[in-house]
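Here are some exercises to work through with the model open beside you. Try each task on your own before reading its solution.

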Amino acid sequence: MAAGPFGTTVFAGASGWVDRLNNRRRDMEGLMNQALPTAGECRVAVLLFDQDLKVAHKKTATDSGPLWWQRVNSQADRDALYLVATQHLREWVFLGQTTREYAAHPSTGDVVQYSNTRNFALQRAAHDDVWTIALVAHARSCFEYMDRHRFCSKCGVPSTVKQGGHEIKCGADECGLSCFPRSDPVVIMLAVDPATDRVLLGRQAAWPPGLHSALAGFMEHGEAAEEAVARELFEESGVRVDLCRYHSSQPWPFPYSLMLGFMARATSTDILVDQHELETAAWYTRDEVRAALAAGSHPGADPLTAAAPAGGSDPAPTLRLPPKGTIAHELCQTFVAADPICKF
Ligand SMILES: [Zn+2]
């Protein structure tokens with residue numbers, strides 16, 4: 001996993017990697033006036049997404065990174081920017097969405113491609129490209145949130161976007177309701193059976209063969225994260241826990257979740273799967289989890305399923321785990337390392 005202020009998670013964005021300019025974005029006009037004249041010194045560019053929220057990128061990463069940047073050259077470009085803004089070191093970065101097609105960059109000849117954001121981010125995780133991932137996660141969550149909140153949830157009047165995409169305000173003066181793009185908290189956890197030193201993993205029927213993961217579920221209103229851990233584990237698997245410890249968090253922009261990772265101490269081991277949620281769940285030893293993680297790092301493995309490339313050998317076909325770049329992967333790594341957080 002990438003070294004840096006994020007600790008062990010990849011999608012996290014609250015750090016020195018990205019300056020979100022929170023205290024300045026109320027003055028978008030002033031912000032852009034400051035940024036644009038310095039284009040000769042700083043990169044002033046737009047991270048593009050298409051209407052399906054696929055991210056624009058180059059066919060192969062270059063010295064300027066993997067993302068497709070659209071230079072801001074005209075007032076029309078400027079007017080199209082409704083989501084801003086981050087500053088990374090000396091670079092101004094604006095986040096934007098477009099319906100235009102770009103075949104190739106006029107000066108470099110780079111070919112633009114649009115890819116599923118999740119696939120793209122997990123591929124960048126394999127390169128420890130934390131900054132790119134943080135930007136993409138930030139932009140995608142904001143776009144998704146705005147797309148689902150085009151009308152005031154109180155009075156139904158069309159909303160307008162403020163603060164560079166960080167405030168959505170009702171267009172009716174008599175209402176004026178403001179809401180702010182927010183994250184949906186999800187707990188994700190490994191239950192550990194201290195008596196046998198095994199962890200609980202489950203799988204959904206739609207997943208690729210063999211793929212298992214930590215159990216997870218949305219928190220409910222009025223519920224503490226620890227309570228959600230215990231409730232979700234019991235509802236999905238029938239397993240009871242009596243203690244849990246916080247591990248780490250990971251923004252997950254599909255559409256705008258925040259994954260909260262925990263280790264939990266199991267007080268029961270009988271499994272009764274909720275068939276609406278899971279196909280199966282089972283307890284796995286440290287050696288089994290270690291072998292599955294090792295199989296996932298097979299050169300050329302599919303970053304989404306950790307499966308070996310077609311025609312290649314697959315050293316662990318029966319158990320596969322989420323790839324590097326996911327918090328479930330990190331929870332499994334922590335268990336394999338016998339970290340004190342999972343010793344109960
Ligand atoms: Zn309203």
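**Exercise 1.** Find which residues Leu200 touches, not counting residues up to four places away in sequence, and decide whether Leu200 is buried or exposed in this predicted model.

*Solution.* 
- Start with the location: Leu200 belongs to strand β12, residues 198–203.
- Next, list the contacts. Beyond four places in sequence, Leu200 touches Leu190, Ala191, Leu215, Ser237, Val239, Ala266, Ala281 and Trp283.
- Check one distance as well: the C-alpha atoms of Leu200 and Ala214 are separated by 7.2 Å, and these two residues are 14 apart along the chain.
- Now count neighbours. There are 25 other C-beta atoms within 10 Å of Leu200. A residue is buried if that count is 20 or more, so Leu200 is buried.

**Exercise 2.** Work out how helices α3 and α4 are arranged, and which residues meet where α3 contacts α4.

*Solution.* 
- Two packed helices are described by the angle between their axes and the distance between the axes.
- Take α3 as residues 117–125 and α4 as residues 130–147; their axes come within 9 Å and cross at roughly 160 degrees.
- Angles over 145 degrees count as roughly antiparallel, so α3 is roughly antiparallel to α4.
- For the hand, α3 passes α4 in a left-handed crossing.
- On the α3 side, the residues are Thr117, Phe120, Ala121, Arg124 and Ala125; they meet Thr132, Ile133, Val136 and Arg140 in α4.
- Sorted by class, this contact has 5 nonpolar, 2 polar and 2 charged residues.

**Exercise 3.** Repeat the analysis for helices α6 and α7: what is the angle at which their axes cross?

*Solution.* 
- Helix α6 covers residues 286–296 and helix α7 covers residues 327–336. Their axes come within 9 Å and cross at roughly 130 degrees.
- That angle makes α6 and α7 oblique to each other.
- The crossing of α6 past α7 is left-handed.
- Arg286, Val289, Arg290 and Leu293 in α6 meet Cys332, Gln333, Phe335 and Val336 in α7.
- The class count for this contact is 5 nonpolar, 1 polar and 2 charged.

**Exercise 4.** Give the order of the strands in the open sheet of 3 strands, and say which are the edge strands.

*Solution.* 
- Strands of a sheet pair through backbone hydrogen bonds, either parallel or antiparallel.
- Here the order is β8-β9-β10, with antiparallel pairing.
- The edges are β8 (159–162) and β10 (178–179), each of which pairs on one side only.
- Between β8 and β9 (residues 167–170) there are 4 bridges. To pick out one of them, look at Thr160, whose bridge partner in β9 is Lys169.

How values were computed: Residues numbered from 1 in each chain as written. Predicted model: local features only at pLDDT ≥ 70, side-chain atom pairs only at ≥ 80, totals over all residues. Axes fitted to C-alpha atoms, helices over the stretch in contact; angles between N-to-C directions. Helix = DSSP H or I, 4+ residues; strand = E, 2+ residues; numbered from the N terminus. Parallel < 35°, antiparallel > 145°, perpendicular 65-115°, else oblique. Left-handed = near helix turned anticlockwise from the far one by under 90°. Contact = placed C-beta atoms within 7 Å. Nonpolar A, V, L, I, M, F, W, Y, C, P; charged D, E, K, R; others polar. Pairing = 2+ DSSP bridges. Buried ≥ 20, exposed ≤ 12 C-beta atoms within 10 Å, placed from the backbone.
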